[in-house]
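Reader: I keep meeting labels in structure descriptions and would like to know what stands behind them. Could you take me through a few, starting from the atoms?

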Amino acid sequence: MGRKARLRGAFAAGACSLLLAGCADDQQAGLLVSVEGFAGVVAADEPNATVVGRDVLGNNGSAADAAVAMAMTMAVTLPSRVGLGGGGACLVWSDEDGLADALLFPPVRAADGAVPPLLTRAMALLHARYGTLRWEELVAPAENFARFGFITSRAFARDVAAAQSRLAGDPQLAALFQDESGDWIEEGRRLRNPELSSVLGGVRAQGGGHLHRPSFARRYADAAAQAGVAMNPAEIRDARAEFLAPVEIPVGDSLLLLPPPRSSAGVAAGQMWRMLQQANWIDAAPARQARLTAEAGLKALAARRVWIGPDGLPIADPQVLVSGDSVREMVSAPLPPATSSAAPPFAAGFVTGDRRGNAVACSFTLNDLFGRGRLADGLGLVLPAAPVEASNNSVPLAVALIADPETGRLDEAVSASGGEAAFQHLVQVLQRMTEGQAEARAALDAPRLVWQGGRILAEPGIEAAEVTGTFGGVPLLRQSDGGLVNAFSCPMGLRQDDEAACTVATDPRGLGLAERAQ
């Protein structure tokens, strides 16, 4: 939001406080009041976060307010994939300006080889530009969950069950996620993290830069060292999140908006999208759809080895990489051999939109399930892993928006996890919602095909005969890779009176929650 727009909003709020009788909108942005009727939509991979986001929207918060509160909450309730020590990427749409921002804070190696924390600094940046409610109000739910406890969701309990051997490698981490009898925490059990609540209390009181203050940076580095992770306090202090211009692809009168590098998923998604559009994928027969999906996914995966430089940044303009000419060359090129970046598929995300037409889509990661599998002593923070060497310090964070900058209308928002397959999940869901005009739930229910680890994973319902013929010798498995998608679709735009026109859904393959805020 531009400075003039923010000043206009501040003046209007002040006028309402002085002239209540003359105010037509008693739900002015920034006022903590209950919203009557449609307040927005939210979907996340962890149910506690969805409930927090719904409540923020229902209390007149913006999509950015909900995103901040949800990100902080997931760092407590889904610490297997999201953490104050980790990072991510978000796309933000401002209906007032008809503009989008990409907020990049990927968890990448610093010069000393460790991964500095960026989540709180990024959320503070998001709040400063787009938030309306008080920062303290948005951090408080996460702090309270950590201090007083929260009910373990099935989503988090499943991660604990999958990572028991990893957790057992660190006695402090194991103790945090075990009950009094030494059994691993299960769904429905109350879980507390008092040390993390203390850190969140500092973030609430002192802002998102709390983790980067010299005193805390030294404390964090010392705690990491005790866990066997060398960190330089200066690297923690200097770590920065940043707003960048999204990658843009025309879609009729609208734009497909994607994150730029260092999210490798943005360019890869743009290239795959273009390839499927050029092949008229949505109208193809099911067997041909499967083959086109496999070919486009593989070519986009292989292209990353060419355009990602050794520092994780592109060697060419991302807009050129997703241009029609560049993608036509990719389509005409021979099929590359099966390839893999070996990026772990463990990430989590959400989408949220408010009644004023603003939206945020985010993806977060610790670069592996429970990061390094080590806890920062005395802080309750799970330390992130470093990106895999093959990624060149680029992280596959997959989010997308489709919006019309001329009208300010936001139609769709999607976030996806799944490591190197995340962009493939995202594109197939987007194609079905945008080109196939499917509702969010139907688009998520449809079977998907992705490349993961040099193998083809084709869910039941995919007609894979042409795929098998094209990629003979490549293992084809009938199982999901764990990639999860959250999405909402509003064909008439998010800002409209008939809230039934908006559909919101979380992936049936996961254990998240989607809700409409009323």
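Reader: Why is the contact between Arg328 and Asp325 called a salt bridge?

Author: A salt bridge is a side-chain nitrogen of Lys or Arg within 4 Å of a carboxyl oxygen of Asp or Glu. The closest N and O atoms of Arg328 and Asp325 are 2.6 Å apart, so the pair meets that definition. Please keep in mind that this is a predicted model, where local features need pLDDT of at least 70, side-chain atom pairs count only at pLDDT 80 or more, and totals for chains, interfaces and linings use all residues. Residues are numbered from 1 along each chain as its sequence is written, and side-chain values use heavy atoms, with hydrogens and water left out.

Reader: Where do Arg328 and Asp325 lie?

Author: Both are in helix H15 (residues 324-332), three residues apart, about one turn of the helix. Helices (H or I, at least four residues) and strands (E, at least two) are DSSP runs, numbered from the N terminus.

Reader: What makes Asp325 exposed and Arg328 partly exposed?

Author: Buried means under 20% relative accessible area, exposed over 50%, and partly exposed in between (1.4 Å probe, protein chains only). Asp325 has 52%, so Asp325 counts as exposed. Arg328 has 45% and is therefore partly exposed.

Reader: How do you know that Arg129 and Asp101 form a salt bridge too?

Author: Their side chains meet at 2.8 Å, N to O, so the same test is passed. This pair links distant parts of the chain, with Arg129 in helix H4 (residues 119-130) and Asp101 in strand E3 (residues 99-105), 28 residues apart. Asp101 is called buried because its relative accessible area is 13%, while Arg129, at 33%, is partly exposed.

Reader: What joins Arg448, Glu459, Asp507 and Arg509 into one network?

Author: Salt bridges that share partners do. One of the pairs in this group is Arg509 with Asp507, at 2.7 Å, N to O, and both of these residues are buried. The whole structure has 19 salt bridges.
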